[in-house]
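Welcome! Please take a look at the model below, and then let us walk through it together.

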Amino acid sequence: MMTEMIANLKNTFQEQLDAATTSEALEAVRVAFLGKKGPVSDLMKSLRDMSVEEKKEAGQSINALKNYFEEAIAQKAAALEKAALDMAVRSAKKYNPSIPADKEVGSYHPITLIARDVEEIFSSMGFTVEDYAEIVDDYQCFESLNIPKHHPARDMQDTYYLENGQLLKTQTSAAQNHIMKKYGAPLRAIFPGRCFRNEATDACHENTFFQMEGMMIDKNISISNLIYFMKTMLSEVFGKKINVRLRPGFFPFTEPGFELDISCLICGGNGCPSCKNSGWLELCPCGMIHPNVLKEGGIDPEEYTGFAFGLGMTRLAMMKYGIKDIRNFNSGNLKALSQFESN
Amino acid sequence: MFVSMNWIGDFVNLEGLDIPALIHRFTLSTAEVEDVIYKGRDTDGVIVARVVSVENHPSSKKLHLLKIDTGNGIVDCVCGAPNVREGLTVAFAKEGAHVCGTPITAAKVGGYISYGMCCSEAELGLSADNSGLWELSDELPLGKDLKEIYPIDDIVFEVDNKSLTNRPDLWGHYGIAREFAAIAEREFLPAAKEDLAKFSHLPAVDIDIRDKQNAYRYIGVKVDNITRHQSPVEMRIRLFYCGSRAINFLADLTNYVMLELGQPMHAFDLRKVDKIEVQRFNEPFTFLTLDHEERTIDDRVLMICSHEKPVAIAGIKGGLESGIEDDTTSLLLESATFDGVCIRKSEGILGLRTDASMRYEKMLDPELAELACARFLYLLQKIDTGATVISAASDAYVYHIPKIVIDIDKAYFDRYTGIDISSDRIKKTLSSLGFGIDRRGDAFTVTVPTWRATKDVTIKADLIEEVTRIYGYDNFEITTSTSPLYPVRPDRAKSDDNRAKDILVEAFALHEVHSYIWCDGASYKALSIDLPDNPRLINAQTPDNAILRANMTPTLLHFLAENRGFSSRYGIFEIGRVVKGYGENGLCNERKTLGIALCDKTADEEAAFLSVRDMICAIFRQIKRTQPLFVSYEPKEAFMHPANAYEIQVDGKAIGFLSVPHPSVKAKLDRKAAYAFAELDMDAFSAISPLDIQYNEPSRFPAIDIDLSFWGDASAIVFYELKKGFMAKGGEWLQNVTVADVYKSEEGTDSITFRFTFSSKEKTLSKNELTVYIEALIAYAAENQLKFKEI
């Protein structure tokens, strides 16, 4: 009798369990079979009317039935959960990382980037980075650099003059005297700056451009050191070994003075239109600081020697980034400038 | 300047040397060679030939039919030259020859086959003369290749004059040959010259130097019985190869000596100039120079005169009247030295620069004047054998350049070069360049040769250059320095600039730009912005660009306008220099300034304004750990909107401004976009010391936020002042006040909600405990025209 009932109950339970496809339906099945008003509860109540022996046997059967229901429901619940997760995964929206980012990105001026490059290299070699005015006087730009009035060297530079006799600095060397007086010897400094020369502009010429001046002064600074530092710096900037050569060059504030050429970056030194078929590009005037310039800066030229260089940063930036028209630098044209996104 | 290697060969034996390689060494040791030209390389097969018969062309007036004796048979030739005639000896390019690259073939000319071409000097690239056939001497052997007779083959190189600025001795072949001798380690051969002492018994030339400051030396000599008119072929070829035009024998010879020795010379017609005075004049006057130009001479220009009449501008150009003419047979030769600075000034005054003045301005060696005179007389008499010197070579030598002697030792060389150059090598190199050397072991007493002593070589460092450039910088072993390293702290101004750039680029997506230090008149005008009253350039490229900028903003707004369409929202910035008038010391008040400008089509002007405000705040907060105040003010600059101009203040000091464009400027900009801008004085900014980090141990108890809403005028609130008051009234537990919400109503009464954050380090606060403070805050708000909104 009891056995038959239990078998029927199991059948009914299995039918309803199979039909439950949501967690809510499963909960309804649980309440229907295991709830206070459900068949298991009724069976338990029927035990009261049984003999002790009948009770024992029937009690075990009812417990077994209860366990059977609970286990089946737990399994089904797990299955439903898994199915729901599977469904969630299957039905999820697929995202596309290839669509363009809409976050705005800013940009640095190419001169900032190239200056930071050079500054970082020299800082790592113990050079301080200095700043200096753009409007200077005749003493700073010429006299203190061993260029007296009517010196032919003044012809080389077309200077912008102001009404009060001041001028726009034509070369970063204009800061040499100031920095020597500020620090004395020994001294290692670089000073980037904007320079001005009164000339017509075209794709290759600008009246406003940047140089990076450098000085190193100590008791035994030599021409050999100068070549070393220039070669190291340029190799670091370009990220490859750069061949350099020195030729005599005349600058009143150096003795000896040099023109530093680097092997042409475009043809690698074989000769091309960019280097006028010479294989070399003129990049950086440099030299041993003239004793008169040291003296004028308050440094004893018998005790100290030093080198200085004036790197054409605008030119360097053009070479490094392949900028063909120098006028882009001061154009404010964001189509060109916004490409220099980060360091 | 052009340099002929044939000419160099007169003074140093170049035999067996690789000439192009040697020229390359010259670049590395002396001065940059800009170009190397191989003269005559594309000409061959041109021979000496004779015109044996000339027949008129039946239908052409110009053409003639010739029979040419090539020394190896007779050939037909058609020729159009005007000077063709029977018996003429010509330069004949045979069939198969090349004339300056053009192949000569048998070709029909005017219906007749021509088996070659009779050439002019110009066609052969030997001179500019294309007036007719080159008439050769009848004594030349027929059939001989012209290249075997004349120095048509040559290697000529060009040196940029600028790279010779400091080397007056290199303005002639002689000095350059000395360099080649040193570079190639070959002997330098002195130029053949006349012995001037030979003429000392002859009557003197009357030379009176009245301006002894500016004329150092004047040698004058008279020559008579000159009959030659045309220079020898060899001389004309050299002159032409070196960029000079042949004129007549005497003019050519002065040019030749100048190109050879670097000493300008002048030949006066003796009929017009027979005595010399050198002086300046107090009163200005005009003077007609050789080039038929009237020149105004003032009291600064040195003149050569004869019998008190000006005959030449000293060192620059001769006068038209006193110059040699075709019938000149006697001359007074000038070989002189003038002060370089005086010549330079005169060039500027006259606006005239000549081959002579270019050399004089470099300060020539007075000793050279004597050598040049002796060389001129030697060449003159050699070429025109009848020429007779009829005076002494009179020499007014009023200023001797001091002799320069330098003591130096090998240790100095070692220290300066960083490499080991032997004492033998030092001695050898300096000697080869003409320096006098007295060597005692590793010590030297060096006498600078006169041609290097006018300015060029004066100190030890100059001798270092002489030795090292010949040694070759390519041969240097390179080493890092042995100097000790010291810690280097970055300069605060520099690092502030860099950090500000990083913040603007990385946090606010701004683009960095650069612009000129002067105002661009056109773009100011386009924006209706008046040019500032500020220092000016006296030599600006255009008058429109003469005034230095006083602000960054106008150019930045111009850039924003120029970039219209770049994006719906874009901002730019520049850290650059502006000039705020003249300071008390009369010098320009140059200020390094950050300018920021924003263009936004996606939001209103207030939002753009606040965006720029946020940028300024971020810069202060991240670099200085402080916040500036924005104080409403009346701007001087008309491009700012008077209602929304705020001074950026720190500790009561103005260091910048924040604003939006004045309606008059706005009207010129994109009407659909909002604009805002700010400027910050970076010199003042970097002077601010950053605050230290103020660390507070956080409370373990929760904080309570209390929102209080008020009616009031949101635009009238100065929030940082209100906050100061709230913080003072809110009790010790009040930690912070922020604005939670602003609701703007149409009527001008806005709803403003402040959020007050309370917390204690000892306990969890209850609202009841705060009642008294909240009442105080409401009362304070009421004092500031904020009416508490009942909830």
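Chain A holds 11 helices and nine strands; helices (H or I, at least four residues) and strands (E, at least two) are DSSP runs, numbered from the N terminus. This is a predicted model, in which local features need pLDDT of at least 70 and side-chain atom pairs count only at pLDDT 80 or more, while totals for chains, interfaces and linings use all residues. Residues are numbered from 1 along each chain as its sequence is written, and chains are lettered from A and ligands numbered from 1 in the order in which they are written.

**Overall shape**

Chain A is more spread out than a compact globule, because its radius of gyration is 43 Å, well over the 20 Å that the globule rule gives for 343 residues. This radius is taken over C-alpha atoms, and the rule is 2.2 Å times the number of residues to the power 0.38. Along the principal axes, the C-alpha atoms of chain A fill a box of roughly 135 × 45 × 45 Å.

**A helix pair**

How do the axes of helix H2 (residues 23-34) and helix H4 (residues 52-91) of chain A cross? They come within 10 Å and cross at roughly 175 degrees, where axes are lines fitted to C-alpha atoms, for helices over the stretch in contact, and angles run from 0 to 180 degrees between N-to-C directions. H2(A) and H4(A) are therefore roughly antiparallel to each other, a label for angles over 145 degrees. Among the residues making the contact are A:Leu26 and A:Phe33 of H2(A), with A:Phe69 and A:Ile73 of H4(A); two residues are in contact if their C-beta atoms, placed from the backbone, lie within 7 Å.

**Helix H10**

In helix H10 (residues 313-321) of chain A, the buried residues include A:Met313, A:Leu316 and A:Met319. A residue is buried if 20 or more other C-beta atoms lie within 10 Å of its own. The buried residues of H10(A) pack against several elements of chain A, including helix H5 (110-124), strand S4 (187-196) and helix H8 (223-238). After H10(A) comes A:Gly322, whose phi is positive, near 70 degrees. Of the 343 residues of chain A, 42% count as buried.

**Meeting chain B**

Finally, the contact between the chains takes 76 residues from chain B and 61 residues from chain A.

Methods: A residue is buried if 20 or more other C-beta atoms lie within 10 Å of its own, exposed if 12 or fewer, and partly exposed in between; C-beta atoms are placed from the backbone. Angles under 35 degrees count as roughly parallel, over 145 as roughly antiparallel, 65 to 115 as roughly perpendicular and the rest as oblique.
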